[in-house]
Amino acid sequence: MDDQGRGPDPRPAGSPGEPSESAAEAGPRPLPYEGVWRFTAPAVDASVPQARHAVRDLLYRQGVPVSDDLAQGLLLIVSELVTNAVRHAAVLSPVLAVEVAVGAEWVRVSVEDNHPYRPTALETDHGRTGGRGLLLVREITLEAGGACDVEHTSGGGKVIWAALPLKPVRVP
């Protein structure tokens with residue numbers, strides 16, 4: 001399965017702290033649930049639940065050892081990121097891409113679009129409705145001990161990703 005050049009680390013290629021290529025090559029063999037899956041969807045409202053269900057089904061089908069809390073957090077992150085792409089990027093990006101990358105100790109979800117604007121997580125404004133999706137993504141990610149970021153793509157768009165650590169499942 002092609003990893004789209006993203007490598008073995010939960011952060012996309014080129015991120016600070018990325019392991020060297022020789023360290024990645026010398027690592028242990030992949031676990032059965034490890035891999036990278038990517039799909040595209042139109043930037044329309046119906047893609048939000050479809051993306052969430054596709055990610056949920058993928059995690060289940062691959063046997064990724066995610067706790068219920070972690071799975072719910074990931075699905076909420078996917079919903080928020082796809083919703084943002086639909087609401088704010090659809091004019092310049094009629095298609096978005098969702099990627100799920102699973103390593104031995106982490107799972108990363110990302111949403112990519114072709115709109116050049118790089119959003120930031122806004123501070124909470126209790127008088128406003130909406131506008132807090134990235135703040136929610138950041139809080140879920142940090143609470144789980146993960147990392148998230150927004151990066152430009154080589155094509156001029158952006159990818160927003162969140163990587164969360166997998167909690168090892170203890171076998172009795």
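Residue E99 is found in strand 2, strands (E, at least two residues) and helices (H or I, at least four) being DSSP runs numbered from the N terminus. The structure is a predicted model, in which local features need pLDDT of at least 70 and side-chain atom pairs count only at pLDDT 80 or more, while totals for chains, interfaces and linings use all residues. Residues are numbered from 1 along each chain as its sequence is written, and side-chain values use heavy atoms, with hydrogens and water left out.

E99 counts as buried because its relative accessibility is 1%; buried denotes under 20% relative accessible area, exposed over 50% and partly exposed the range in between (1.4 Å probe, protein chains only). The side chain of E99 makes a polar contact with that of R38 at 3.3 Å, and a further polar contact, of 2.9 Å, joins the side chains of E99 and R108. A polar contact is a pair of N or O atoms within 3.5 Å; within protein, one must be able to donate a hydrogen and the other to accept it, and residues adjacent in sequence count only if both atoms are side-chain atoms.

Five strands form an open sheet in the order 1-2-3-5-4 with antiparallel pairing, where two strands pair if DSSP finds at least two bridges between them. The edges are strand 1 (35-42) and strand 4 (147-152), each of which pairs on one side only. Strand 2 (residues 95-102) pairs with strand 3 over six bridges, and a hairpin of three residues joins the two strands. V107 of strand 3 stands opposite V102 and also opposite L164 in strand 5. Strand 3 and strand 5 (residues 158-165) are joined by eight bridges.

Strand 3 (residues 106-113) is mostly covered, with eight of its eight residues buried. W106, R108, S110 and E112 point one way from this strand, whereas V107, V109, V111 and D113 point the other way.

Strand 4 is linked to strand 5 by six bridges, with D149 opposite W161. Helix 3 packs on the sheet, touching strand 2, strand 3 and strand 5, contact meaning heavy atoms within 4.5 Å. Helix 4 (residues 133-143) also packs on the sheet, touching strand 4 and strand 5.

Helix 2 (residues 47-62) and helix 3 (residues 68-89) pack at an angle of about 150 degrees, their axes 9 Å apart. Axes are lines fitted to C-alpha atoms, for helices over the stretch in contact, and angles run from 0 to 180 degrees between N-to-C directions. Residues meeting at this packing include V48 and V55 in helix 2 and L74 and V78 in helix 3.
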